[in-house]
Amino acid sequence: MDVRATAKTVRYTPRKVRLVLDLVRGKSVNEALAILKFTPNQAATAVYKVVKSAAANATHNNQLNADSLYIKECYANEGVTLKRFMPRAKGNASSIFKRTSHITVVVSDER
């Protein structure tokens with residue numbers, strides 16, 4: 001059975017989150033949490049929370065065994081972009097785009 005967890009509007013760019021998600025895709029939940037805990041990327045903390053939440057959803061809501069769970073799929077889509085401006089020379093302004101992500105993790109107990 002597939003169980004999912006989603007974190008919306010996380011303040012990391014999707015490109016950087018995808019680098020972290022590639023590390024844990026297809027691994028067991030326990031192994032993925034151990035990898036994420038020691039990954040020196042800031043986005044790893046957000047992904048850690050989503051993986052932990054998906055595992056908790058599976059055990060609490062669907063009574064699945066926590067030891068048999070693995071990450072079936074995980075992806076980061078683009079969220080809203082915050083647009084800011086910085087003053088530049090001669091009265092001009094340049095745009096700054098602060099990108100956000102929607103992180104989704106799907107765990108399953110059947111291979």
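This is a predicted model: local features need pLDDT of at least 70, side-chain atom pairs count only at pLDDT 80 or more; totals for chains, interfaces and linings use all residues.
Accessible areas here come from the Shrake-Rupley method with a 1.4 Å probe. With that noted, I looked up the total for the protein chain and found about 7000 Å² of accessible surface, 51% of it belonging to carbon and sulfur atoms.

**Overall layout**

I went through the secondary structure next. The protein chain has three helices and three strands, and their order along the sequence is β-α-α-α-β-β.

Then I checked the dimensions. The C-alpha trace of the protein chain spans about 65 × 25 × 20 Å along its principal axes. I also looked up the radius of gyration: the protein chain has 17 Å, while a compact globule of 111 residues would have a value near 13 Å.

How much of the protein chain is buried? I found that buried residues make up 34% of the 111 residues. For contacts with a separation of 6 or more, I noted that 72% are between residues 24 or more positions apart.

**Helix H3**

Which residues of H3 are buried? My list has Ala43, Ala44, Ala46, Val47, Val50, Val51, Ala54, Ala55 and Ala58. I then asked what covers them, and the cover includes helix H1 (14-24) and helix H2 (29-37), along with strands E1 (2-10), E2 (70-87) and E3 (93-108).

After H3 comes glutamine 63, and I noted that its phi is positive, near 50°.

**Alanine 7**

My last stop was alanine 7, which I located in strand E1. Is alanine 7 buried or exposed? Its relative accessible area is 18%, and buried means under 20%, so alanine 7 counts as buried.

What does alanine 7 touch, leaving aside its neighbours within four places in sequence? I found contacts with Val50, Ser101, His102 and Ile103. Val50 is also one of the buried residues of H3, and strand E1 is among the elements that cover the buried residues there.

I also looked up a distance from alanine 7 to leucine 19, twelve residues apart along the chain. The C-alpha atoms of alanine 7 and leucine 19 are separated by 17 Å.

Key: Residues are numbered from 1 along each chain as its sequence is written. Side-chain values use heavy atoms; hydrogens and water are left out. Helices (H or I, at least four residues) and strands (E, at least two) are DSSP runs, numbered from the N terminus. The radius of gyration is taken over C-alpha atoms; the globule rule is 2.2 Å times the number of residues to the power 0.38. Buried means under 20% relative accessible area, exposed over 50%, partly exposed in between (1.4 Å probe, protein chains only). Contact means heavy atoms within 4.5 Å.
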